[in-house]
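Please look over the model shown here.

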Amino acid sequence: MAGEQAGVGRITLDHAVVGQALTVLSVQVPKTSAEWSHWLEEIGFVPGERVELLARAMPGGDPLAIRVGQSTFALRCAEAACIEVMPIIGAAKVATGSA
(Lines give C-alpha, C1' and ligand atoms only; values in the text may rest on other atoms or scores of the structure.)
Protein backbone atom coordinates (compact mmCIF):
# COMPACT_ATOMS: atom_id res chain seq x y z
CA MET A 1 0.00 0.00 0.00
CA ALA A 2 1.14 3.52 -0.63
CA GLY A 3 3.03 5.15 2.21
CA GLU A 4 3.70 1.91 4.14
CA GLN A 5 7.24 1.11 5.13
CA ALA A 6 8.57 -2.34 5.97
CA GLY A 7 9.05 -2.71 9.70
CA VAL A 8 7.01 0.33 10.73
CA GLY A 9 5.19 -0.42 13.96
CA ARG A 10 7.06 -3.68 14.56
CA ILE A 11 8.27 -4.17 18.12
CA THR A 12 9.07 -7.07 20.38
CA LEU A 13 6.50 -8.06 22.96
CA ASP A 14 8.71 -6.95 25.86
CA HIS A 15 8.40 -3.35 24.56
CA ALA A 16 4.61 -3.39 24.15
CA VAL A 17 2.29 -0.97 25.94
CA VAL A 18 0.09 -2.50 28.65
CA GLY A 19 -3.44 -3.02 27.30
CA GLN A 20 -2.55 -2.70 23.61
CA ALA A 21 -3.91 -5.29 21.15
CA LEU A 22 -1.13 -6.81 19.06
CA THR A 23 -0.64 -9.39 16.33
CA VAL A 24 2.25 -11.87 16.41
CA LEU A 25 4.49 -11.48 13.35
CA SER A 26 7.28 -13.94 14.14
CA VAL A 27 9.18 -15.73 16.88
CA GLN A 28 13.00 -15.56 16.78
CA VAL A 29 14.72 -17.32 19.69
CA PRO A 30 18.43 -17.24 20.58
CA LYS A 31 20.48 -20.23 19.40
CA THR A 32 21.33 -20.95 23.03
CA SER A 33 17.59 -21.35 23.83
CA ALA A 34 16.29 -23.21 20.78
CA GLU A 35 13.71 -25.09 22.88
CA TRP A 36 11.88 -21.81 23.47
CA SER A 37 10.65 -21.82 19.86
CA HIS A 38 8.66 -25.03 20.30
CA TRP A 39 7.43 -24.02 23.75
CA LEU A 40 6.24 -20.56 22.62
CA GLU A 41 4.48 -22.11 19.62
CA GLU A 42 2.75 -24.67 21.86
CA ILE A 43 1.22 -21.96 24.04
CA GLY A 44 -0.03 -20.00 21.03
CA PHE A 45 2.63 -17.54 19.89
CA VAL A 46 2.22 -18.15 16.16
CA PRO A 47 2.11 -15.61 13.31
CA GLY A 48 -1.30 -13.96 13.04
CA GLU A 49 -2.37 -14.68 16.64
CA ARG A 50 -3.75 -11.78 18.66
CA VAL A 51 -1.95 -11.08 21.94
CA GLU A 52 -2.10 -8.45 24.66
CA LEU A 53 0.30 -7.35 27.38
CA LEU A 54 -1.87 -7.32 30.51
CA ALA A 55 0.63 -6.23 33.16
CA ARG A 56 4.27 -5.89 34.20
CA ALA A 57 5.33 -7.22 37.60
CA MET A 58 6.44 -4.70 40.20
CA PRO A 59 9.18 -3.93 40.93
CA GLY A 60 11.31 -4.32 37.84
CA GLY A 61 8.70 -5.23 35.23
CA ASP A 62 9.61 -8.93 34.99
CA PRO A 63 7.72 -11.22 34.43
CA LEU A 64 5.00 -10.00 32.07
CA ALA A 65 1.37 -11.13 32.12
CA ILE A 66 0.39 -11.89 28.51
CA ARG A 67 -2.94 -12.93 27.04
CA VAL A 68 -2.75 -15.07 23.93
CA GLY A 69 -6.09 -16.24 22.60
CA GLN A 70 -8.25 -17.00 25.66
CA SER A 71 -5.30 -17.96 27.90
CA THR A 72 -3.07 -15.90 30.16
CA PHE A 73 0.63 -16.67 30.73
CA ALA A 74 3.57 -15.20 32.61
CA LEU A 75 6.59 -14.67 30.36
CA ARG A 76 10.02 -13.46 31.32
CA CYS A 77 11.15 -10.38 29.43
CA ALA A 78 13.86 -12.47 27.73
CA GLU A 79 11.18 -14.76 26.29
CA ALA A 80 8.90 -11.86 25.29
CA ALA A 81 11.85 -10.25 23.50
CA CYS A 82 11.79 -13.18 21.04
CA ILE A 83 8.24 -12.41 19.89
CA GLU A 84 7.90 -9.77 17.18
CA VAL A 85 4.49 -8.09 17.19
CA MET A 86 2.66 -5.22 15.55
CA PRO A 87 -0.14 -3.12 17.06
CA ILE A 88 -3.61 -3.80 15.68
CA ILE A 89 -4.70 -0.56 14.03
CA GLY A 90 -8.02 0.66 15.39
CA ALA A 91 -8.11 -1.76 18.33
CA ALA A 92 -9.14 -0.07 21.54
CA LYS A 93 -6.65 -0.01 24.37
CA VAL A 94 -7.99 -1.74 27.45
CA ALA A 95 -8.55 0.66 30.33
CA THR A 96 -6.35 -0.01 33.35
CA GLY A 97 -6.81 1.44 36.79
CA SER A 98 -9.67 3.59 38.02
CA ALA A 99 -10.68 7.04 36.88
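Which side chain does a polar contact of 3.5 Å join to that of D14? The partner is H15: the two side chains form a polar contact of 3.5 Å. Note that this is a predicted model.

D14 sits in a loop. That loop runs between β1 (11-12) and β2 (21-27).

R56 is still in contact with D14. Beyond the neighbours within four places in sequence, D14 also touches L64, C77, A80 and A81.

## The sheet

Six strands make an open sheet. Their order is β1-β6-β2-β3-β4-β5, and the pairing is antiparallel. β1 and β5 (71-75) are the edge strands, each pairing on one side only.

Inside this order, β3 and β4 pair over five bridges, in the antiparallel sense. L53 stands opposite I66 of β4.

## The nonpolar core

The largest nonpolar core holds 19 residues. Those with the most contacts inside it are L13, L40, F45, V51, L75 and I83. At least two core residues come from each of β2, α1 (35-42), β3 (50-56), β4 (64-68) and β6 (83-87).

Take L40 as an example. Sequence neighbours within four places aside, L40 is in contact with V27, V29, F45, L75, E79, C82 and I83.

Notes: Residues are numbered from 1 along each chain as its sequence is written. This is a predicted model: local features need pLDDT of at least 70, side-chain atom pairs count only at pLDDT 80 or more; totals for chains, interfaces and linings use all residues. Side-chain values use heavy atoms; hydrogens and water are left out. Helices (H or I, at least four residues) and strands (E, at least two) are DSSP runs, numbered from the N terminus. A polar contact is a pair of N or O atoms within 3.5 Å; within protein, one must be able to donate a hydrogen and the other to accept it, and residues adjacent in sequence count only if both atoms are side-chain atoms. Contact means heavy atoms within 4.5 Å. A nonpolar core is a set of buried Ala, Val, Leu, Ile, Met, Phe, Trp, Tyr and Cys residues joined through side-chain atoms within 4.5 Å. Buried means under 20% relative accessible area, exposed over 50%, partly exposed in between (1.4 Å probe, protein chains only). Two strands pair if DSSP finds at least two bridges between them.
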